[in-house]
Amino acid sequence: MQRTEIEWVREPDGRRGFSWNPVTGCKMGCTYCYARDIALLYTGTFEPEYHPDRLMEPSQRRKSSTIFLCSMSDLWGLWVPEHWQLLVMGAVIANPQHRFLMCTKSPEVLLAWLLRFPTHKLPDNLAVGVTIDYHKHEHRISLLRCIPASMRFISFEPALDLGTKIMDLKGIDWIIAGPLNKRGRCATTESHWWDQYITICHSLLLSQPLFIKNTAPMHQERPQQFPAWMGIKEVPHG
Ligand code: SF4
């Protein structure tokens, strides 16, 4: 577990939060995957792998922290063995002192897991998000709404093609958005980013906080959280 550069993973006092990767590797094959680039550089593989030695890391930190779960994989990918998911979720439940954030591109797998085992419950200290990069994946929002999480968020990052249709964001507590990012720089053209940004803004409900990555054109040196007075909605605490 280590401090993360991911901008939206923050402690309530604004300091950087942590990433925790008891599972690494992914078979989703997203062309823009930064995790694959890093993994191939340092380990030479991006095959899914469970790391039992990392399972206890959250419990070794007593101080309440914000932790992004599985930044180097997708815990709910179809290829992930169920006992890995059980072990990781067990560790989240065992650490109510922390606030966990978890993002997936396969909310249907998490939903099926919850429906199949009525005893499987999501703890209150876990925020669940889905990533939406193309408008064809908008159905993930409805699936997320069905997941009984104490906080739900959407990551429109990278916002590659969200179309122009207003999206139904009811029941979603927090929105994150950013362009395609290459080595800390925006790889999306400015006009393309603004098309995505306008679709997101049209879809927002008045009460929803929006966090914009600082790689987005025109957002450097400007507030990242809109409305600014709202601050980042606090990640739930069990
Ligand atoms: S789902 Fe996430 S971890 Fe998996 S390939 Fe796509 S970007 Fe990478």
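Leaving aside neighbours within four places in sequence, which residues is Gly163 in contact with? The answer is His135 and Thr199. Keep in mind that you are looking at a predicted model. The protein has 238 residues, and buried ones make up 34% of them. Its secondary structure comes to 5 helices and 13 strands. If you take the contacts between residues with a separation of 6 or more, 68% of them join residues 24 or more positions apart.

**Around the ligand**

- Start with the ligand, which has Cys26, Met28, Gly29, Cys30, Cys33, Ala35, Arg36, Ser73, Asp74 and Lys105 around it.
- Sort that shell by class and you get 5 nonpolar, 2 polar and 3 charged residues.

**Two helices side by side**

- A pair of packed helices is described by two things, namely the angle between the axes and the distance between them.
- For helix H3 (residues 107-116) and helix H4 (residues 139-146), the axes come within 9 Å and cross at roughly 25°.
- An angle under 35 degrees counts as roughly parallel, so that is the label for H3 and H4.
- The H3 and H4 crossing is left-handed.
- On the H3 side, the contact is made by Pro107, Glu108 and Leu111, while H4 brings in Arg140, Leu143, Leu144 and Cys146.
- By class, this contact of H3 with H4 has 5 nonpolar and 2 charged residues, with no polar ones.

- As background, most peptide bonds are trans, and most residues other than glycine have a negative phi.
- Look at the peptide bond from Glu157 to Pro158: it is cis, with omega near -5°.
- You'll find Pro158 in the loop between strand E8 (151-156) and strand E9 (174-177).
- Cys70 has a positive phi, near 60°, even though this residue is not a glycine.
- To locate Cys70, go to the loop between strand E5 (66-69) and helix H2 (82-93).
- Is Cys70 buried or exposed? Cys70 counts as buried because it has 24 C-beta neighbours inside 10 Å, and the cut-off for buried is 20 or more.

- Gly163, from the opening question, is in the loop between E8 and E9.
- Because Gly163 has 13 C-beta neighbours inside 10 Å, it counts as partly exposed.
- Gly163 and His135 are 28 residues apart in sequence, yet their C-alpha atoms are 5.7 Å apart in space.
- Pro52 belongs to the loop between strand E4 (49-50) and E5.
- With 9 C-beta neighbours inside 10 Å, Pro52 counts as exposed, since 12 or fewer is the limit for that class.
- From Pro52 to Pro22 is 30 residues in sequence and 6.8 Å in space, C-alpha to C-alpha.
- Thr4 is placed in the loop between strand E1 (2-3) and strand E2 (18-20).
- Thr4 counts as partly exposed, because it has 18 C-beta neighbours inside 10 Å.
- Along the chain, Thr4 and Ile67 are 63 residues apart, and 8.9 Å separates their C-alpha atoms.
- Not counting residues up to four places away in sequence, Thr4 touches Val9, Arg16, Gly17, Phe18, Ser19, Phe68 and Ser71.

Key:
Residues are numbered from 1 along each chain as its sequence is written. This is a predicted model: local features need pLDDT of at least 70, side-chain atom pairs count only at pLDDT 80 or more; totals for chains, interfaces and linings use all residues. A residue is near a molecule or strand if its C-beta atom, placed from the backbone, lies within 6 Å of it. Ala, Val, Leu, Ile, Met, Phe, Trp, Tyr, Cys and Pro count as nonpolar, Asp, Glu, Lys and Arg as charged, and the others, Gly among them, as polar. Helices (H or I, at least four residues) and strands (E, at least two) are DSSP runs, numbered from the N terminus. Axes are lines fitted to C-alpha atoms, for helices over the stretch in contact, and angles run from 0 to 180 degrees between N-to-C directions. Angles under 35 degrees count as roughly parallel, over 145 as roughly antiparallel, 65 to 115 as roughly perpendicular and the rest as oblique. A crossing is left-handed if the near helix is turned anticlockwise from the far one by less than a right angle, and right-handed if clockwise. Two residues are in contact if their C-beta atoms, placed from the backbone, lie within 7 Å.
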